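Student: Could you walk me through this model, starting with the ligand site?
Tutor: Gladly; here it is.

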Amino acid sequence: MSEVAQSPDDERVAASSRRSAPWPTESLSFGGDYSPEQWPWEVVLEDLALMREAGVNLVTLGVFSWAVHEPREGVFDFTWLDRMLDLLHENGIAVDLATPTAAVPMWLHRLHPEILPQDRHRHPLAPGGRLGWCPSSPVFRGYALRIVERLAEHVAGHPAVRMWHVSNELGGGNARCHCPVSNARFREWVAAKYGTVDALNAAWGMAFWGNTYSSFEEVTTPWGETAHNPGQLLDYERFSSDELLDHYRAEKDVLRGLAPGVPVTTNFMVGLGPDVVDYTRWADEMDIVANDHYTFGPDPLRHQDLAFSGDRMRGLSRGEPWMLMEHATGASSWHRINQPKAPGELARHALAHVARGSDSVMYFQWRAPRSGTEKFHSAMLPHSGPQSRVFRDVVDLGAHLDALAEVRGSTVASAEVAILHDNEAGWALKSGLKPINDLRYADTARAVHNALFARAVTADVVAPWTALDAYRLVIVPGLFLVSDENARTVHDFVEAGGTVLVTWFSGIVDEVNTVRLGGYPGAFRSLLGVTSEEFSPLDADQSLRLDNGWTVRRWAERLREPAPDDGAEVLARHTEGALAGGPALTRRRVGAGAAYYLSVDLDPESLGALVDRLLEEKEIGPTAVVSRGVEAVRRVGDDASYLFLINHSEDDGRAEASGVDLLTGAEHSGIVSIAAGGVVVIREHGRS
Ligand code: GLA
């Protein structure tokens, strides 16, 4: 990772100056969400024995236990918790203790129905479920901080408590609230941001359709069914994220004061963006950055989805180890169809997260419940009990993680490729009408990442304000919104010798969601030396050929023929339709570097060919020479480097590497075989 990074506030901070929080376990953390309050004590005793058998060393306790700790308003009872903490500690299992604020007790709903979040039709959610609270509600905040305070006071100093887990998946259900309190807070937020109504009208372009405000009093959250202003929509997303972050900070402050030295985190839901809240701007508030990641069984590229999320997590943690807080041993239960993992996939997925920088393998959940909404969600200990294939796999995985203990604290080897990703670009993309209205942010990022994955090239997925000097190739994939400063960072990177690939629909709007005039892609036009005049999207059954044989789908643009002064050369042209003869792919040499503009959406094969060209030009090689279907990622520690080789294919695979396989003890010299569906982790000779 780059040494110096720029925060969203433009304040430059050295990555190395980030506080290094103590990790909750000595070796890699292994365990999951544990809900013993749902079971009788004899089951709890069986759990502890089975956890020991599996090598579990960390559990997340108390996520949904508010009603246990405070069964009635103002009545606190920590007897159950005390017993659980002692038992876990006696069994050598550390605790990631949750504040229970995701689970509002029914008595609180009865006393204060006004805390329920309201959907965009201004209908309150019903009590039950979870996260049934408005992020801006002072009433809820008061009750929440009181239970957090009592809990932290009570357990302070208990040796089992090694980490704090604030609430659960903040925003998972309550991220957007339209209640009167949220409306009032949104008005305050908007007024604080813009100062005057005129500035607000100008920023959001309210003159369009004559929606001009005469007072901040007229501002509402974008509720109901109407075509809301895109500036308002984008700011409402930012506001909603800020309100939840404020809640996190309030809980964290209480925990910090009462239990200093214990790291505090909350579990993100980083998958394919945009995120429900702005994790990119939240991450620095976490002592350890943690994620919940779930794959979708029928998705043939699910391991690549996992890799993308892992590379994003590493970007969020600025290269430091991050924590996989939850994933699944098998099926989840919220999809249309929920399929178990294929044989061997449990280990492949777990170790793929570790390969990409996680120092933990945690699951939702330890034991499958027999009742409740998620009673069919998979677990480390399934309904069928310890004789099951899943539990045997869990025990084997525990042994593997034990064998990999020395990997903890190492970091993923510096990537030479960065992919820029910003939730605000995703939020802006979905605000207002577009040439294609079902574009998904990060699809292009994911397509490029897939191409790199297939070539065993590791990329960091980072915020656009990251210092880019340490990279050789930067991808700007459909970065619809970008600030002048961030566009400048890309420009400076190229001047200094880097290569950038900017793809279609990047740099289109500024931070207030206003189109940059003079031709697309506004923010990058001068860097690229191109001007795009018109978008020309393609329907699902349409495609176009370029003169180099590449195939275009979904998106094309009318690019003006570059003038000699523009400095851009045309590398590929359209051959068909209204755009025939026009430029599709360009390159401009800038300073010591090069800036490519891809104005079309390419099919995977053609995109792969472009990626090959860029890698070759920058002399960026694979992490290891591997056969098809083998994922290769390297972690580097103080004394050794570790090559993770994960074979996602149904054929036996090979890699060029030498060293000892930490999972089997086998020595390899030159060539390593990886059985179909298998994993090998090599402590490499001759590298450190
Ligand atoms: C999320 C939650 C868990 C559980 C799992 C599985 O990650 O944090 O409490 O609901 O999903 O659905």
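**The ligand site**

Student: Which residues are around the ligand?
Tutor: They are Phe 64, Arg 130, Asn 168, Glu 169, Asp 292, Tyr 294, Glu 326, Trp 334, Phe 364, Glu 374 and His 377, where a residue counts if one of its heavy atoms lies within 4 Å of the molecule. This is a predicted model, in which local features need pLDDT of at least 70 and side-chain atom pairs pLDDT 80 or more, while totals for chains, interfaces and linings use all residues. Residues are numbered from 1 along each chain as its sequence is written, and side-chain values use heavy atoms, with hydrogens and water left out.

Student: How far is the polar side-chain atom of Asn 168 from an oxygen atom of the ligand?
Tutor: That distance is 2.8 Å for Asn 168, and a polar side-chain atom of Glu 169 lies 2.5 Å from a ligand oxygen; a polar contact here is a pair of N or O atoms within 3.5 Å.

Student: And how much of the ligand does the protein bury?
Tutor: The protein buries 96% of the 300 Å² that the ligand exposes when taken alone, with accessible areas from the Shrake-Rupley method and a 1.4 Å probe.

Student: New topic: where is Pro 521?
Tutor: Pro 521 sits in the loop between β16 (499-503) and α16 (525-528), helices being DSSP runs of H or I with at least four residues and strands runs of E with at least two. A cis peptide bond, with omega about -10°, joins Tyr 520 to Pro 521.

Student: What about phi of Arg 122?
Tutor: Phi is near 60° there, a positive value in a residue other than glycine, and Arg 122 belongs to the loop between α4 (106-111) and α5 (138-155).

Notes. A polar contact is a pair of N or O atoms within 3.5 Å; within protein, one must be able to donate a hydrogen and the other to accept it, and residues adjacent in sequence count only if both atoms are side-chain atoms.
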